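Here is a friendly walk through the strands of one protein model. Please have the sequence and the 3D view open as you read.

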Amino acid sequence: MNFLIGAFKPACNISITFSDGKTRKQVPMKKENGQTVMVPLFQSQENIAGKISIEPFQGKKIEHNGVKVELLGQIEMFFDRGNFYDFTSLVRELDVPGEIYERKTYPFEFSTVEMPYESYNGVNVRLRYVLKVTISRNYGASIMEYQDFVVRNYSPPPSINNSIKMEVGIEDCLHIEFEYNKSKYHLKDVIIGKIYFLLVRIKIKNMDLEIRRRESTGSGANTHVETETLAKFELMDGAPVRGESIPIRLFLSPYELTPTHRNINNKFSVKYYLNLVLVDEEDRRYFKQQEITIYRLQES
Amino acid sequence: MIADGVEDEEKWLAAGIAGLQQNAFYMHRALDSNNLRDALKYSAQMLSELRTSRLSPHKYYELYMRAFDELRKLEMFFKEETRRGCSIIDLYELVQHAGNILPRLYLLCTVGCVYIKTKEAPAKDVLKDLVEMCRGIQHPVRGLFLRSYLAQVSRDKLPDIGSEYEGDADSVVDAVEFVLQNFTEMNKLCYTACQSFILLADPELRLAVGLSGLQGPAREKEKREKERSELRDLVGKNLHVLGQIEGVDLDMYKDTVLPRVLEQVVNCKDELAQYYLMDCIIQVFPDEYHLQTLDVLLGAFPQLQPTVDIKTVLSRLMERLSNYAASSADVLPEFLQVEAFSKLNNAIGKVIEAQPDMPTLGVITLYSSLLTFTLHVHPERLDYADQVLGACVKKLSGKGKLQDNKATKQIVALLSAPLEKYNDIVTALKLSNYPRMMEYLDSETNKVMATVIIQSIMKNKTRISTADRVEALFELIKGLIKDLDGSPDDEVDEDDFKEEQNSVARLIQMLYNDDPEEMFKIICTVRKHILAGGPKRLPFTVPPLVYSSLKLVRQLQSQEENPFGEEESTTPKKIFQLLNQTVETLSNVPAPELALQLYLQCAEAANDCDLEPVAYEFFTQAYILYEEEISDSRAQVTAIHLIIGTLQRMHVFGVENRDTLTHKATGYSAKLLKKPDQCRAVYACSHLFWVDDQDNIKDGERVLLCLKRALRIANAAQQMSNAARGSTGSVTLFVEILNKYLYFYEKGNPQINVAAIQSLIELITTEMQSETSTPDPAADAFFASTLRYIEFQKQKGGAVGEKYEPIKV
């Protein structure tokens, strides 16, 4: 039995370690099977360096046509499963064809890697970065090992960040004016605002502020749009009277937001909206959606 | 249907409590294990039970109180968390992550309190944030309870003067601002709540009418009203908090607090709420503030809804001010300084003008309170009191007599107030509008009021000593003095009537002045009034007047000894003339017995004044009455004895007059119907001829004649009785005559001798032993004691003993 198992087992153990693996920040990442693993975090223009060690199992030797490591930036559309689109692909040859009898360690380095897009794990699309080690063999399948890592890119606070202010309404029925203090929020930001009721002729039951994520993938006729409500935050309970102003204070930190992604490699976009919803006593919904931009602010 | 509603509500409440307790249990577990995340989660879930719309405020309150208790535990936990190093600012943010607004805000308020306690941020900022955030709850009931929670937990954390949270110079302003804002918002919510109740109640009302007849809606409405008032209590709490902020000084109250609060009250436009809040303002803030801001406060009243029960509120205000004034004399100058009276008076005028529909009761209540106020504050300003009454009269004019029971009761209270205050009707008599006020009472109440006045006089022993006042007084109590037009006599209870008239009689006795001139005037005035009283009253009122007059006569008589008496215009003669006329009125009643008594009293007084013609005239009148009016035999007996008694004491008459009168009296005596009465009257007449202290009236012969005649009558009586019943009557009459004999014998009447006495004794003994006589133990005892007397006199010895010696028993 041992023999049999040995036959199907990979012939070697490949491990990928990053040179600053001990100090580098690790972030959780959800794998396809639903498990969450901790993976290192990088940002664009960083050096990605480390060691790859290949250790054949006892008494085995690996004959190969060469060992290489690739840094891949992939966009994976779920409706087009299995087809990865690599927008970044860097290769380092680690070894010339030969044989490996014992544990062998290769250092590697990708310096100042351009990683313009952030890792993203959406409903229909996934953008991921991965290190891929390939031991090519003449016979049998090549031995491959993957190491995911996450990329986050930080933006400075925008120089122009106007408030969103708008008056909406249904004639002779409801007029409100709302104001959000900014149009661009960072991930740990807080939305401050106010809703003024200029005219209320309907019996409002409550009012919520929703954060909606709109993920659109593909292009042209194949565009898939997926909208998720990430947050449903009750702003008001009961029917306001005319002239009332209701405060908004919504902390973004508890929600799993990502920065806004616009037209990533012509493949997908992720946009965020604030949706103000008023529900009347007959459960009719009146809403107004406003796009906000979310960015990642460098944590100090 | 309604019953179902109530049951459902019970069920919902039970479910709410169960949910709350369950989450509270998990929350406790989280608290015990210091698990902040779970604590927040379960507390938010627990508070979610308060999101229900199914409960009436009353039931909701029950749920709220449970949540309140749980939140105290959470607050303790938060406090410990911060001590363990958890940043309060983080905590403050963390609770705001809750998605549902109601739990979020409850938690926020709870953490907010801890925040203030840590003093990491100025109390005012935190409070401001809290009160602002609470705007998110616009649902009336939930909002009211949330804000009430805020008010309650923040109460000891206001940056008041002397509080540990006191910040910079203006911190009191912030505290006030906070409370005012919360109050404002709650007021708005309450208004919405009340309105939605009206809306809510409506379909239910219709339903109820269909299902349970007419009882349902009334009950339902009552329930709604009750719930509305419960909500108002929540709002009112803010005012209590405001009242407790020590830093609110008069200036701030005047400039900020009061105008803002009043603005809210005026804006809320709900009659009950306005009433309640005005009342709160009045009760919560100190009296001196009210006094100093009277303008502003009163200015708000006309702006209230026309249906607000202003009268009660204003009355309470005045009551408070009255008590304040009464509390110390030092504050009175303040009242004068702010011209409290005229302001209140104006305000009342305006309110009454603004609310033309106000029931009379309301008007009177208002004036009654104002009156109490002026009496307390300006006891010396009678003109104020009169002004109040005048205004009230003006309001009432044109409305005729009041039919409303409560209103009349109020008038009685209004009119009694000055009496109680001054303890002196004399002061009240100076109020020219007082009697005009009384005209608005129906005769029944008028009487009650009159009785009150009289009782006040009695109680305080007030002396009414001038004719003018008497005039005024009788004007006031005329309800008792005469029949008011249209009042139905026949319904008056006899006992009540007597009671009333007796009190009038007592009152007449209280009228007194040392100066005869004035006293005479008083008497004339009283007479004028009581003569209008009609036949039913005269028997009660004339006697005290007569006695009062006679008292004056006696007073004059004693003064006549001094030389100044000469110039007086009031002479006994004049009084007697008046008396004559007065007593004469009784003949119309008719009350002959009473008139006779009074004539005799007058005669006796005239006798003392040596006015023979007058005395004679009175006797004549008495005799005429006896002859013409007194026909009842029993009354005759009484009358004749009175006549004899009085006549016996008269010394003013000359021989001729006296003869005429005694002759008449004896004649009357002999003509009485029953023999025993005859007999007794006749032997009583014997005294008319023998007056012990007057030597000229000692006619022994006539005495004897009388006695003999009496004896004859007694005999005749015996025989009549024998003939009619077959047995002789008692010997009492004989014994009585024997006693007369003994009297005159003892007094030295020469005509009475031992033999006569002796034979009379024998006669009695024989009679008693005769077979036909009826045994009469009383008569036997009488006789025995008479004989014992004789024995006793004998044994005394001396002149008397000698005199009796010859009599053999």
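## About the model

This is a predicted model, in which local features need pLDDT of at least 70, side-chain atom pairs count only at pLDDT 80 or more, and totals for chains, interfaces and linings use all residues. Residues are numbered from 1 along each chain as its sequence is written, chains are lettered from A and ligands numbered from 1 in the order in which they are written, and side-chain values use heavy atoms, leaving out hydrogens and water.

## The four-strand sheet

In chain A, four strands make an open sheet with antiparallel pairing, ordered S13-S14-S16-S19. Strands (E, at least two residues) are DSSP runs numbered from the N terminus, and two of them pair if DSSP finds at least two bridges between them. Strand S13 (164-170) and strand S19 (245-251) of chain A are at the edges with a single partner strand each, so one side of each has no neighbour in the sheet. On average, neighbouring strands here are turned by 20° against each other, direction ignored; the axes are lines fitted to C-alpha atoms, and angles run from 0 to 180 degrees between N-to-C directions.

Inside this sheet, where does His175(A) find its bridge partner in S16(A)? The partner is Leu199(A). Strand S14 (residues 174-180) and strand S16 (residues 190-200) of chain A run antiparallel and are joined by seven bridges.

## The three-strand sheet

Chain A also has an open sheet of three strands, in the order S1-S4-S9 and with antiparallel pairing. Strand S1 (12-18) and strand S9 (104-110) of chain A are its edge strands, each pairing on one side only.

Seven bridges link S1(A) with strand S4 (residues 48-56) of chain A, and the two run antiparallel. Cys12(A) has Pro56(A) as its bridge partner in S4(A).
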